[in-house]
Amino acid sequence: MSVLAAVAGHGLHGWLWWAPLVALLALAATLPGLQAAFLAALLFPALIAFSRFRVDGLAAAFLICQSLVHLLKRLIFVLGPQPHAVYLGIQLLPSVVVLLLSAVAMKQLRGRKLPWSARLLAAFLALSVALTLRGLADLPWLIVLSAIHQYLLPFLLYFAGLTLTPSRLARVGRTMAILACLSVVYGLVQLAGGPTALDRAWANETYSFSIHGGKVFAYLEGAALEFRSYSYYADPLTWGFALLAGLAGAAAARRLGRMSRAMFAVAGLVMLAGLFFTLTRTVWVGLAVALAVFGLLARPGLRRPWLVFALVMGSFAGVVTAGGFVYREFFLERRIQAFRSPILTRYLTVGTIEARTSAWNALKEAAEASPVWGQGYGVMLWVNRNRDVSQEHRQLVSHNFLVELVFNTGIPGALLFLGFFWQWLREAFRALGLSANPGHRRVIRWLIAFAAGCMVTGYLNGPSFMTGEWFLLLGAMAGLGRHWSARVRPSPEWRS
């Protein structure tokens with residue numbers, strides 16, 4: 001038996017491999033400055049052992065690690081000041097799991113014919129990495145590699161999703177739902193009592209280089225009056241997208257037999273409460289669009305991929321025109337003075353809506369800057385970290401993923417990504433027409449609705465929706481489509 005298999009084993013034989021590891025980590029924990037490394041080193045092998053090197057286990061390990069690492073990066077400062085390298089290194093743990101998961105998935109996919117959506121996404125990913133690496137001539141290498149890690153690494157989870165069978169997807173979806181509910185519990189603690197001890201220790205040490213750490217620190221110092229609950233995620237928006245993914249995962253687990261009706265109802269109410277307390281309008285737009293698409297797909301005559309694609313693409317104009325109207329007629333300070341509730345005030349303030357309504361001009365500027373070859377994702381990360389240079393790239397503060405897509409990858413790259421999404425919709429609708437199982441059809445409808453809802457939020461907050469969970473669920477849909485298509489002939493309704 002290999003060492004890795006032994007570590008993942010049970011009983012006395014498994015503990016014989018664990019004992020030396022725990023002893024070494026306990027020794028490290030007694031040395032000043034290494035307590036944080038001890039916690040990280042203990043977390044990672046435990047998650048890998050939990051996964052048993054199966055795709056669904058590794059996918060669950062990624063989801064758990066992605067949640068725990070946000071707690072861990074705050075917990076380490078309770079132990080005292082920590083080196084900046086340790087703080088950054090801990091946040092790389094989910095990425096290590098992603099790479100391991102991708103390697104296992106690629107091994108399973110070897111010899112299989114990938115769906116066209118996966119081929120188009122692979123082409124887009126290769127182009128994006130090449131364009132970003134080209135930025136090494138002008139940008140620090142750490143910025144370039146960080147951009148690939150932050151913006152492009154989550155794309156790999158699409159290929160991992162291709163290997164998920166219905167039962168595996170059900171387990172992954174249930175994990176998403178449970179983690180989302182746990183995050184709401186922590187978020188409610190924040191909402192009731194303000195920043196926790198972990199948040200305070202973290203903010204006091206990271207305010208100078210962490211955007212959200214600076215916001216929490218300003219609140220603690222009295223320089224800011226507003227504190228928004230963000231649970232243990234990076235910010236309220238990131239938490240909101242995790243909750244949306246949790247709702248989609250719960251729906252899949254429910255229809256695939258891994259979640260009871262009562263558990264689904266309770267989990268759904270908890271996650272909806274969490275969405276409200278994020279005080280983020282973007283995620284509510286995503287949920288509203290998802291519910292609308294789900295309802296639309298209930299009518300057989302409206303089950304057309306071009307209809308959903310047109311809705312998603314047409315929302316670009318909707319955000320600009322409707323957003324401009326709302327900005328002028330409703331989200332003005334003089335119209336909200338009557339509200340005394342801080343929650344209503346937050347939902348009804350202007351925020352950065354003005355930047356979003358200028359997306360047409362920003363898209364034109366992006367196309368002029370990157371007609372063929374994009375600037376790469378390194379420039380976007382550099383601008384986000386150096387707000388003083390944002391005037392040179394005004395289109396990157398438009399909060400619009402289509403604008404940023406054109407700027408980063410050029411017009412051909414943007415068309416390639418949109419082609420991927422169009423092909424994914426075709427494969428999803430084909431699976432919807434082929435499946436004879438009502439539960440499976442509802443899973444497909446939920447995943448299509450989730451994908452479309454998140455895409456529309458891209459016109460409000462850029463590529464924030466492109467999380468690992470988003471790509472994992474989309475990849476699972478493409479894999480299930482091929483799984484069902486190979487076993488069922490098209491129904492007469494689909495042929496018509």
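Here is a short walk through this predicted model, from the whole chain down to a few single residues. Because the model is predicted, local features need pLDDT of at least 70 and side-chain atom pairs count only at pLDDT 80 or more, while totals for chains, interfaces and linings use all residues. Residues are numbered from 1 along each chain as its sequence is written, and side-chain values use heavy atoms, with hydrogens and water left out.

Let us begin with the whole chain. It holds 25 helices and zero strands; helices (H or I, at least four residues) and strands (E, at least two) are DSSP runs, numbered from the N terminus. Of the 496 residues, 51% are buried, where buried means under 20% relative accessible area, exposed over 50%, and partly exposed in between (1.4 Å probe, protein chains only). The chain exposes about 22300 Å², with 66% of it supplied by carbon and sulfur atoms. These areas come from the Shrake-Rupley method with a 1.4 Å probe, and for residues only the protein chains shown count as cover. Among contacts with a separation of 6 or more, 77% are between residues 24 or more positions apart; a contact means heavy atoms within 4.5 Å.

Leu256 gives a view of such pairings. You will find Leu256 in the loop between α13 and α14, and it counts as buried because its relative accessibility is 18%. Leaving aside neighbours within four places in sequence, Leu256 is in contact with Pro166, Leu169, Ala170, His440 and Val443.

Most residues other than glycine have a negative phi. Ser231, however, has a positive phi near 55 degrees. Ser231 sits in the loop between α12 (211-221) and α13 (236-255), and with 0% relative accessibility it is buried. Leu279 also has a positive phi, near 55 degrees. Its place is the loop between α14 (261-277) and α15 (281-296), and at 10% relative accessibility Leu279 is buried.

Leu133, Leu136, Trp141, Leu142 and Leu145 make a nonpolar patch of about 510 Å². Patch residues have over 30% relative accessible area and no salt bridge, with like charges joined within 9 Å and nonpolar side chains (Val, Leu, Ile, Met, Phe, Trp, Tyr) within 5 Å; a salt bridge is a side-chain nitrogen of Lys or Arg within 4 Å of a carboxyl oxygen of Asp or Glu. Helix α8 (residues 141-152) gives the most to this patch, with three residues. Leu145 belongs to helix α8 and, at 43% relative accessibility, is partly exposed.
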